[in-house]
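Subject: Structure handover and notes

Hello,

Here is the structure I said I would pass on. Please open it next to this message, and read the notes below with it in view.

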Amino acid sequence: MNGATFDILFRQLAARLEEVPSVKPLGADRVAVSAVRALPELFAARSSGRARDRGCFDGHAVALERTLRAMPESERVFAPVIVFEVAGADYCVDGHHRLAVYAKVLGPDSVVPVERIGGTLGDAVARSVAANNVTFLPMRLTERQEAAWKLVKIGQGSKREQAALSGMSETFVAKLRRLRRCLEESHPEGSWGSLWEAEKLSRGEGAEEDWTEERSDAEIAEYEHRLRKAFGSKTHRRLPAIVAAMANIVGPNALW
């Protein structure tokens with residue numbers, strides 16, 4: 001499954017779930033770290049769903065590792081990792097960073113607490129989105145838009161539920177649902193990719209780009225995030241160099 005997209009992974013696991021019923025007990029359990037499979041392209045809410053996009057942010061893992069190492073050895077444990085069983089295997093729904101830190105600090109054979117959830121595969125994807133909306137680092141606008149698109153693609157929940165889970169407006173979700181209906185006619189195979197890729201498909205079929213304001217806001221938020229990450233608190237001091245670099249790329253007349 002390495003290098004597969006959200007669409008492909010969802011279909012593959014959904015097919016397995018139909019073939020092999022779940023047998024493990026739901027609720028609290030303890031399992032070895034190495035026994036939990038990670039598919040962040042499917043379950044990491046911050047992933048765009050593209051192949052090899054694991055949707056991670058390093059700062060969170062660093063903070064978790066620091067916290068775990070500071071704990072007494074007998075108490076080194078976080079909140080349970082949320083897992084979902086498919087064909088006898090437990091997949092991480094929420095807690096990818098915790099698993100990585102456990103493996104690094106305690107070792108892959110360490111036994112850690114998990115909470116095994118039931119329901120459909122769509123329910124598990126929705127749970128991953130909901131869990132990320134309550135983390136200490138809010139999802140950026142582009143991440144919330146992609147999360148909404150995932151829920152719309154798999155038909156998980158009502159328009160109101162999709163908006164609430166992703167943190168987007170019902171108006172935006174309604175536009176995504178119209179995009180899905182358009183693609184169902186023009187590309188019925190259902191491999192529509194990320195929201196950006198889906199928009200390209202729809203424009204190729206003559207569909208209009210009807211969420212310019214939201215996409216513009218998302219791009220601004222994304223560039224702001226990149227600038228802060230690159231320059232931190234010194235961004236204002238680098239402004240002349242940043243503007244000059246942009247002028248070299250697009251030409252000075254495009255900036256004024």
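The notes below go through the sheet, the helices packed on it, and then a few single residues.

Please keep in mind that this is a predicted model.

The sheet
Five strands make up an open sheet with mixed pairing, and their order is E1-E5-E3-E4-E2. The edges are taken by strand E1 (27–32) and strand E2 (36–37); each has a single partner strand, so one side of each has no neighbour in the sheet. Helix H4 (residues 96–105) packs on this sheet and touches E2, E3, E4 and strand E5 (111–117). The direction of H4 makes about 115° with that of E4. Helix H5 (residues 121–132) lies across E3, E4 and E5, and runs at about 35° to E4.

E3, E4 and the loop between them
The pairing of E3 with E4 is antiparallel and spans five bridges. Within it, Val-86 has Ala-89 in E4 as its bridge partner. The loop between strand E3 (81–86) and strand E4 (89–94) holds Ala-87. Ala-87 has a phi near 55°, which is a positive value in a residue other than glycine. With a relative accessible area of 33%, Ala-87 is partly exposed.

Helix H9
In helix H9 (residues 195–204), the buried residues include Leu-195, Ala-198, Glu-199 and Ser-202. These four lie on the same side of H9, because they cover an arc of only 105° around the axis.

Gln-156
Where does Gln-156 sit? Its place is in the loop between helix H6 (141–154) and helix H7 (159–166). Gln-156 counts as buried because its relative accessibility is 16%, and the cut-off for buried is under 20%. Leaving aside residues up to four places away in sequence, Gln-156 touches Thr-120, Gly-122, Asp-123, Ala-126, Leu-151 and Gln-162.

Cysteines
A disulfide is a covalent bond between the sulfur atoms of two cysteines. How many disulfides does the model have? The count comes to zero, taking a disulfide as a pair of cysteine sulfur atoms within 2.5 Å. As for accessibility, Cys-92 is buried at a relative accessible area of 0%, while Cys-182 counts as partly exposed at 25% relative accessibility.

Regards

Key
Residues numbered from 1 in each chain as written. Predicted model: local features only at pLDDT ≥ 70, side-chain atom pairs only at ≥ 80, totals over all residues. Heavy atoms only, no water. Helix = DSSP H or I, 4+ residues; strand = E, 2+ residues; numbered from the N terminus. Buried < 20%, exposed > 50% of the residue type's maximum accessible area, 1.4 Å probe, protein only. Contact = heavy atoms within 4.5 Å. Arc of directions from axis to C-beta. Pairing = 2+ DSSP bridges. Axes fitted to C-alpha atoms, helices over the stretch in contact; angles between N-to-C directions.
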